[in-house]
Amino acid sequence: MGRAKTVVVAGASGFIGSYLARRFEQDGWTVRTIGRKGNGGSSAGWDDDGGMQRVLDGASLVVNLAGRSVSCRYNDRNKAAILESRVATTQALGRAIARCQEPPSTWLNASTGTIYRDARDRPQSEAGGELGSGFSVGVAKAWEAALEAADTPGTRKIPLRIAIVLGRGGGALQPFANLARLGLGGHMGDGTQKFSWIHVEDLYRSIRFLHARTDVTGPVNVASPDVVSNRDLMRLVRRAYGARFGLPTPAWLLRAGAVLIRTETELVFKSRWVQPQKLLDAGFVYSQPELGRALLQIAKGRA
């Protein structure tokens, strides 16, 4: 296939990575993967610098999604694992790319829309957005700093500030759908917190778009422009999954429930209002721009 059609997907074992690998293959790309040793036939493991270099050499594009799930309690051990899994893998990729004879022309490295502050007053664009504070923001900043520090002059590096990814079989939507089916799909807390999202197909399409658009540089917000409140999100989830009513969940109950299921309420309470200004300005066209329609198609197993 040659260089122009070879992509390396790092951290390809999860919902997003396996989707991207499948879509690249469907579109005629040669797909190589980097991941944990013994995990689903990766072309190279994270502890194999020489193997990573061989996998990356001659590829056109590398997409790094590696990182432990943040859906856990933020104790010291889990915090260290979340940070290390993102920073160390990015650093390892940087070392391997630096040694390539023919390095990839584009390196798209996952980051997160959570890097911005809790925003209920205005959208957060790449140019005008304000970075937040706290553990999750610190992880995002360290993740992007590791990418910036990589000495790869022949490779354009872009952090993807990705919103919550939705798609059939995706983990992010499942808890909301389960609550709706149980009649508990009402708004959470006061319901005013914003929900930024991207359909997994549009994440794939934005990656292809950014690889082709060599004029785009710096961080890119990967989100749909259709940002909704938590109240509207849960109404649309109830509609998609055929729930006639949904009891709201007060903040105190969410805090108690989060302890029981070993996760953090930040994943629900934080207001994420991510504005994809660079993608919009560059003329990116979404295949799934509306949340209501996307949820209906996911619920029916079509997206």
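Author: In this predicted model, helix 5 spans residues 174-181, and its buried residues are F176, A177 and A180. Viewed down the axis of helix 5, these buried residues fall within an arc of 95°, so they line one face of the helix. Among the elements that cover the buried residues of helix 5 are strand 8 (194-195) and helix 7 (230-240). Just after helix 5 comes G183, which has a positive phi of about 80°.

A helix pair comes next. Two packed helices are described by the angle between their axes and the distance between the axes. For helix 3 (residues 76-98) and helix 4 (residues 135-149), the angle is about 15° and the axes are 8 Å apart. The angle is under 35 degrees, which makes helix 3 roughly parallel to helix 4. Their crossing is right-handed. On the helix 3 side, the contact is formed by K79, I82, L83, R86, V87, T90 and Q91, and these meet F135, V139, A142, W143, A146 and L147 of helix 4. By class, the residues of this contact are nine nonpolar, two polar and two charged.

A12 lies in the loop that joins strand 1 (6-10) to helix 1 (15-26). A12 has a relative accessibility of 16% and therefore counts as buried, the cut-off being under 20%. Apart from neighbours within four places in sequence, A12 is in contact with G17, S18, T33 and I34. From A12 to R36 the separation is 24 residues in sequence, and in space 9.6 Å from C-alpha to C-alpha.

Definitions and conventions
Residues numbered from 1 in each chain as written. Predicted model: local features only at pLDDT ≥ 70, side-chain atom pairs only at ≥ 80, totals over all residues. Heavy atoms only, no water. Buried < 20%, exposed > 50% of the residue type's maximum accessible area, 1.4 Å probe, protein only. Helix = DSSP H or I, 4+ residues; strand = E, 2+ residues; numbered from the N terminus. Arc of directions from axis to C-beta. Contact = heavy atoms within 4.5 Å. Axes fitted to C-alpha atoms, helices over the stretch in contact; angles between N-to-C directions. Parallel < 35°, antiparallel > 145°, perpendicular 65-115°, else oblique. Left-handed = near helix turned anticlockwise from the far one by under 90°. Nonpolar A, V, L, I, M, F, W, Y, C, P; charged D, E, K, R; others polar.
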